[in-house]
Amino acid sequence: MILPPQRRGDLSQAQWQKLQPLLPVQKPAVGRPSNDHRTTINGILWILRT
């Protein structure tokens with residue numbers, strides 16, 4: 001997986017590795033695939049900071 005450049009306030013690699021096992025699978029058995037979890041969480045954190 002290619003990681004985007006880390007911006008100020010984004011999750012670090014260490015933080016992401018702790019959080020990733022707690023999230024649902026990226027591609028569920030039925031339905032459409034979900035958005036990238038890391039991008040979504042970074043977006044939520046950005047909204048909370050602003």
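View 1. An unreviewed UniProt entry lists residues 11-50 as "domain: Insertion element IS402-like"; UniProt positions follow the numbering used here, feature names are shortened, and annotations may be inferred rather than shown by experiment. The model is predicted, so local features need pLDDT of at least 70 and side-chain atom pairs count only at pLDDT 80 or more, while totals for chains, interfaces and linings use all residues. Residues are numbered from 1 along each chain as its sequence is written, and side-chain values use heavy atoms, with hydrogens and water left out. Over residues 11-50 the chain is 50% helix and 0% strand, where helices (H or I, at least four residues) and strands (E, at least two) are DSSP runs numbered from the N terminus. The end C-alpha atoms of this stretch are 16 Å apart.

**View 2. The whole protein chain.** Two helices and zero strands are present in the protein chain. Of its 50 residues, 14% count as buried (under 20% relative accessible area; exposed is over 50% and partly exposed lies in between, with a 1.4 Å probe and protein chains only). The accessible surface comes to about 4600 Å², and 62% of that belongs to carbon and sulfur atoms; areas come from the Shrake-Rupley method with a 1.4 Å probe, and for residues only the protein chains shown count as cover. Among contacts (heavy atoms within 4.5 Å) between residues at least 6 apart in sequence, 37% join residues at least 24 apart.

View 3. The 13 residues of α2 should span 18 Å at 1.5 Å a residue, and the end C-alpha atoms of α2 are 18 Å apart, which agrees; the expected span is 1.5 Å times one less than the number of residues. H37, R38, I41 and N42 are buried in α2. They cover an arc of only 130° around the axis, which puts them on the same side of α2; the arc is that of the directions from the helix axis to the C-beta atoms. An α-helix has 3.6 residues a turn, so residues three or four places apart point the same way. The buried residues of α2 pack against α1 (13-19), whereas T39 and I47 are exposed on the other side of α2.

**View 4. Surroundings of N42.** N42 lies in helix α2 (residues 37-49) and is buried, with a relative accessible area of 11%. Not counting residues up to four places away in sequence, N42 touches D10 and L11. N42 and L11 are 31 residues apart along the chain, and their C-alpha atoms are separated by 6.6 Å.
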